[in-house]
Amino acid sequence: MRPELSEYPFDWMLWRSLISASRLKHGSEKEYQSALRYIPYFKGVVNTIYNMGSPGQKFLKIIETYVERIVTAKENNRKVAMTTFCFSPALLHAMDIVPVSLEPMTVLGSVMWKRGCLDYMDFCTDIGFSETGCSSQRGSMGAYLARAASEIDFIVIDSAGVCDTNSNAFSFAATYLNKPFYGLNYPATLIDDQTKHYHRDDYRNMITFLETHTGKKLDIDRLREVLNQHAKQDALIHEIEELQMLVPNPMPVTYNFLIYAGRFFFSGVSLYTELLEEMLEIVKQNAKQGKSGLTGGQEKLRAFFIYIDHYSLDLKLWTLLDQRGISHLGNILSRGFSAKAPYIKYVQNHGYQIDTSTLDSMIDSITEINARMPMVRSIRGPYDLPHMWLEESAALAKLLKADCCVYNGTPGCRNTWSNVKLIANDLEKHGFPTHIMYGDAFDERVESWEITSTRLEEFFTIRGLL
Ligand code: SF4
């Protein structure tokens with residue numbers, strides 16, 4: 001790793017960049033425009049976020065707070081847990097543990113810095129971790145392994161049995177950093193009673209692990225507060241999702257990103273609820289006026305992303321979609337699968353219920369939430385079994401009246417690359433032209449954004465979609 005990158009901790013640099021970004025609008029518009037001249041590599045993402053209006057500024061505050069909590073954890077006497085986006089952070093917030101979710105942290109570095117997280121990614125392979133592993137963990141993980149970031153206290157994940165590269169990354173980190181580690185096993189099915197009981201016991205053991213390493217008991221009132229906020233957040237998201245089915249879709253193109261990023265950072269925390277409230281108001285207003293959420297106003301195409309998005313510098317994917325009049329209908333990350341979700345009966349799945357009446361019911365609820373996080377929910381077995389990836393994607397694409405489907409992931413994702421062509425063919429049979437992006441969502445050295453975007457545009461043209 002370049003020595004200059006060890007000068008300042010990775011998360012501290014993110015935090016300071018976010019603070020600067022959030023202050024840019026404190027002055028006049030003229031001052032803001034002048035300031036942009038001094039941040040040539042940062043102005044793209046800043047502009048994209050500020051163009052979202054008030055929700056953009058709120059989102060900036062959310063990520064700034066998230067990273068600040070990591071950087072200041074020690075002085076605030078809080079424990080820090082390295083974790084994954086497949087793991088709901090709600091329990092950690094309820095236990096006053098500061099989560100460092102590696103994949104969203106990689107996204108932050110990738111969209112904010114021209115250098116991305118590539119040096120950290122390479123550090124992992126320098127010390128022996130497989131370079132064929134998923135780049136989403138490797139990006140920020142390298143900084144923690146190089147001890148060029150805040151100190152973490154323990155590691156907790158739930159991807160064992162779901163995603164080998166994900167769980168291997170965390171067990172590698174636990175060994176390398178010599179930290180306590182808890183890997184939840186995966187629920188083989190979401191609806192079978194035996195599995196449910198096994199999974200709930202496993203989850204309770206994990207709580208004991210967290211209590212041991214924090215020296216604090218799980219606080220029932222705090223857990224209830226987090227779950228009540230969670231239920232509020234779900235209700236707001238469901239309203240937005242209902243409106244998203246309208247043609248034209250009244251939801252601005254970047255809002256899916258805000259929904260899932262907010263969930264990964266602050267599920268069950270009021271900051272995220274406030275963001276969703278503002279977003280819903282805007283979506284509602286657009287819907288009332290029969291307006292599309294796209295900047296140009298005209299919806300030309302509706303695209304459903306069956307996997308994840310592309311996190312190149314400045315959030316270029318969303319700019320492209322917005323400029324071309326393409327509505328983003330969400331992806332595997334943007335939906336939570338609660339029992340009240342407007343799509344739940346169409347995906348033939350059993351959503352989670354939030355029951356805050358007793359400690360037991362709350363733990364069961366949070367276990368169920370966790371079992372429906374992305375990957376754990378639909379990438380945990382053969383793609384075409386009931387309740388899995390194909391069924392979920394086809395049902396959602398149909399419900400959302402998608403004109404096409406798009407796959408983007410990382411080459412390290414054996415879970416999807418083993419069957420991506422099969423699922424694309426299946427979706428074509430369901431009537432959805434489907435494009436496979438060959439880039440890496442977090443590493444542009446695999447395929448440049450120029451090539452990736454050219455191929456995507458080519459798909460829209462050749463298939464007569466635009
Ligand atoms: S993108 Fe693929 S490899 Fe990465 S965590 Fe998800 S399932 Fe695992």
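Throughout these legends, a residue counts as buried at under 20% relative accessible area, as exposed at over 50% and as partly exposed in between, using a 1.4 Å probe and protein chains only. The views show a predicted model, in which local features need pLDDT of at least 70, side-chain atom pairs count only at pLDDT 80 or more, and totals for chains, interfaces and linings use all residues. Residues are numbered from 1 along each chain as its sequence is written, and side-chain values use heavy atoms, with hydrogens and water left out.

**View 1. Strand 5, wrapped on both faces.** Strand 5 has 5 of its 5 residues buried, so it is largely enclosed by the rest of the structure. Leu301, Ala303 and Phe305 are buried on one side, while Arg302 and Phe304 are buried on the other. Strands (E, at least two residues) and helices (H or I, at least four residues) are DSSP runs, numbered from the N terminus.

**View 2. The bridges of strand 5.** Strand 5 (residues 301–305) runs parallel to strand 7 (residues 404–407), joined by 3 bridges. Look for Ala303, whose bridge partner in strand 7 is Cys404. Strand 5 also pairs with strand 6 in the parallel sense, over 3 bridges, and there Leu301 stands opposite Ile326.

**View 3. The largest pocket.** This pocket has a volume of about 380 Å³. On a 1 Å grid over the protein atoms alone, a pocket is an open set of points with protein on both sides within 12 Å along at least five of seven lines, a cavity is a set where a 1.4 Å probe fits but cannot get out, and lining residues have an atom within 4 Å of a point. Grid points are joined across faces, edges and corners, and a volume is the space filled by probe spheres set on the points. Among the 18 lining residues of the largest pocket, Asn51, Met52, Thr254, Thr295 and Asp322 are the closest to its centre. Helix 14 gives the most to this lining, with 3 residues. The pocket lining divides into 7 nonpolar, 9 polar and 2 charged residues.

**View 4. The largest cavity.** The whole structure holds 4 cavities of 30 Å³ or more, and the largest has a volume of about 310 Å³. Its lining has 27 residues, with Phe85, Glu103, Ser136, Ile308 and Phe442 nearest the centre. Helix 12 provides the largest share of that lining, 5 residues.

**View 5. The second largest cavity.** This cavity has a volume of about 120 Å³. Val45, Ile49, Leu60, Ile63 and Met112 are the closest to its centre, out of 16 lining residues.

Technical notes
Ala, Val, Leu, Ile, Met, Phe, Trp, Tyr, Cys and Pro count as nonpolar, Asp, Glu, Lys and Arg as charged, and the others, Gly among them, as polar. Two strands pair if DSSP finds at least two bridges between them.
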